[in-house]
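I set out to look up aromatic contacts and helix packing. My entries follow the display.

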Amino acid sequence: MAGMLLILIYIAFISLGLPDALLGAGWPVMQPELNVPYGFAGLAQMMISGATILSSMYSGMLIHKFGTGRLTAVSVGITAIALLGIASAPSFPWILLAALPLGLGGGAVDASLNAYVANHYESRHMSWLHSFWGIGALSGPMLLSFLLFSGYSWRIGYTAVGSFQVLLAAVLIAAVPLWTKVKARTQDEQKTVMHHLRFFDALRIKGVPSALLIFLFYCSIEGSMGLWGGSYLNQVKGIDPALSATWVSLFFAALTAGRFMTGFFTYRLSNNAMIGGGALVILTGVILMLLPQPLTLNLIGFLLIGLGCAPIFPCMIHETPVRFGSTMSQSIIGFQMAAAYVG
């Protein structure tokens with residue numbers, strides 16, 4: 001029963017990753033059609049992130065009130081509506097409007113499922129879970145790249161991803177009783193959910209402020225690459241928009257492959273060792289991106305940043321119950337998600 005639930009969580013994380021890189025991959029073709037300044041992609045991303053921060057901050061309270069299963073199902077349904085709204089948006093203000101439910105739904109799913117896996121499954125499952133997020137994150141740009149190469153509009157890509165979310169929401173609604181049965185067999189979850197921390201109380205706990213800063217800085221790197229990596233390759237390096245979308249997919253492919261390997265490395269290496277190693281790989285990739293050099297080395301740096309990002313997020317999340325206790329981990333993970341989206 002717990003295994004079936006884990007499979008469902010894996011699929012939910014694919015859906016969580018699907019829309020994350022769509023905006024960055026599609027913006028080179030979205031911007032001329034919408035007729036807005038190029039930097040307005042940042043406004044849309046800020047709206048998504050702002051709504052995500054809000055839902056992440058209150059995720060502990062929401063799970064306590066509605067339960068992880070119901071909250072996940074409803075949140076995926078909200079993201080589906082938002083994606084279909086973006087697909088049919090007649091102008092940029094409508095995209096900003098749709099960004100709000102997209103962020104609210106995504107933040108609730110992210111925080112609740114991360115906390116659930118951190119408290120109930122081993123470290124390797126957390127890494128593999130986030131590799132499934134990477135599958136979604138690379139599949140979105142790959143789908144968009146294929147559609148652009150085939151002469152279709154970016155709107156078809158958003159419609160396809162939104163339709164998948166509708167289907168998943170229906171499955172999650174049907175599976176709500178499964179969460180209840182697993183919860184009844186797991187006493188620890190009840191303790192975790194019931195202990196809801198306030199944000200300023202969490203800041204008084206030793207180690208929490210530094211953990212929040214790590215999430216902020218790490219996700220600023222990942223978010224910048226996802227949103228602006230395709231535009232960098234297109235606008236600065238002169239790569240075709242469809243090909244630049246492919247490279248955004250490859251960035252997430254490197255991240256996904258790294259997280260899949262991290263799951264096996266957990267048998268030999270500690271979470272802390274993998275977090276430090278990932279940071280060094282990111283630094284190497286950033287240096288290759290910054291130095292004036294041939295395009296090939298720029299692209300290697302592009303991929304190295306994705307590979308270095310792989311272990312940091314899942315290993316940090318899985319360490320949360322170990323460092324701060326399982327009874328407080330749900331709230332602290334929600335605050336970490338909020339700090340991540342601030343970044």
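This is a predicted model: local features need pLDDT of at least 70, side-chain atom pairs count only at pLDDT 80 or more; totals for chains, interfaces and linings use all residues.

Residues are numbered from 1 along each chain as its sequence is written, and side-chain values use heavy atoms, without hydrogens and water.

I looked up 15 aromatic pairs in the structure. W154 and Y158 pair edge-to-face, at 5.9 Å centre to centre and 90° between the planes (planes under 30 degrees apart are stacked, over 60 edge-to-face, the rest tilted). Both lie in helix α8 (residues 154-174), four residues apart, about one turn of the helix; helices are DSSP runs of H or I, at least four residues, numbered from the N terminus. W154 and Y158 are both buried (under 20% relative accessible area, 1.4 Å probe, protein chains only).

The ring centres of F251 and F302 are 5.9 Å apart with planes at 70°, so this pair is edge-to-face. F251 belongs to helix α13 (residues 241-265) and F302 to helix α15, so the pair ties together parts 51 residues apart in sequence. F251 is buried at 0% relative accessibility, and F302 is buried with a relative accessible area of 0%.

I then turned to α15 and its contact with α12. Y218, I221, E222, M225, G229, Y232 and L233 in α12 meet N298, L299, F302, I305 and C309 in α15 (contact means heavy atoms within 4.5 Å).

Note on methods:
Helices (H or I, at least four residues) and strands (E, at least two) are DSSP runs, numbered from the N terminus. Rings of Phe, Tyr and Trp (its six-membered ring) pair if their centres lie within 6.5 Å; planes under 30 degrees apart count as stacked, over 60 as edge-to-face and the rest as tilted. Buried means under 20% relative accessible area, exposed over 50%, partly exposed in between (1.4 Å probe, protein chains only).
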